[in-house]
Structure formats: structure tokens, C-alpha cells
Amino acid sequence: MRQLKSTDLFMALRITKEIGVKQELKDFAAALASGKINAKTQREMGAELIFGLLGNCGTEAAEKAFFDFLAGPLEISQAELRNMDLLDFMQKIRDFVEFIDVEAWRGFFQSLAGLMKSQK
């Protein structure tokens, strides 16, 4: 598993566009930027956001974007993720959320929110 990279930011933007969760991501980024929440709460919010994104993957394009995004940090092919046992898949997502450090989440979502402001 690897830390978030700049390419993940653009993948996240594509997911945001495909799934239509721009406001949810802005709210999450604002909460992180406020600095008023602790590391545990940030991880919980991150997990909630990812599972929420997964729940909104109602189109093939959104599903593909989501798997493309996860394949990078998890260092697993999209095909392997798609064919993974559901419980193993959910655990991988939990592991991913726990692995990313709080400051990385904060910077990632602040950058994402900034880029989303420029999108129409």
C-alpha cells in the first residue's frame, strides 16, 4: 500500500464528477481544514466518505473511476479488486483509510476542495 500521490487527486476529481458528490467532499475538506477534529474522527470521516462514495457508484463509469482510484494506493489491479471477496474488499478499504496519515488526508482533501471550486 502506498501513500496518496498527486495523480490520485485527479482520479478523485473524476470520481466526484461521475458520482455527483461534490458537496459531500467539500464538507469533508472543510471539516479537515478547520483543524477542530481529532485524528480518530478524521479517519472515521474518511471511511464514511469512501463507503458513501462506493454507495453512489450507480453507473459503470462511476464504478470504473472508483476502482481506478483504489487500485493506485492499494497497489492492486482493478481486475483483482473487482474479483476480490466482498469482506476482503471492505477490509482493504478500511486498511487504506487507516494507512493514510491524518496530515495526508487533510492536504489531499484541501487540494481537492480547491480544485472543485474551479469546476462548474
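Modeller: First, some terms. Ala, Val, Leu, Ile, Met, Phe, Trp, Tyr, Cys and Pro count as nonpolar. Asp, Glu, Lys and Arg count as charged, and the others, Gly among them, as polar. Keep in mind that this is a predicted model.

Now the pocket. The largest pocket holds about 170 Å³ of space. Its lining is made of V21, E24, D27, F28, M45, E48, L49, G52, L53 and N56. By type, that lining splits into 5 nonpolar, 2 polar and 3 charged residues. E24, D27 and E48 belong to the lining, and Asp and Glu count as charged. G52 lines the pocket too, and Gly counts as polar. Which helices contribute? Helix 2 (22–34) and helix 3 each give at least two lining residues. Helix 3 supplies the largest share, with 5 residues.

The structure has 1 cavity of 30 Å³ or more. About 120 Å³ of space lies in the largest cavity. There are 14 residues in its lining, and A12, L53, F69, F108 and F109 are the closest to the centre. L53 also lines the largest pocket. At least two lining residues come from each of helix 1 (6–19), helix 3 (39–55), helix 4 (60–74) and helix 7 (102–118). Here the largest share is from helix 7, with 4 residues.

Notes. Residues numbered from 1 in each chain as written. Predicted model: local features only at pLDDT ≥ 70, side-chain atom pairs only at ≥ 80, totals over all residues. Heavy atoms only, no water. 1 Å grid on protein atoms, 1.4 Å probe; cavity = no way out; pocket = protein on both sides within 12 Å on 5 of 7 lines; lining within 4 Å. Points joined across faces, edges and corners; volume = space filled by probe spheres on them.
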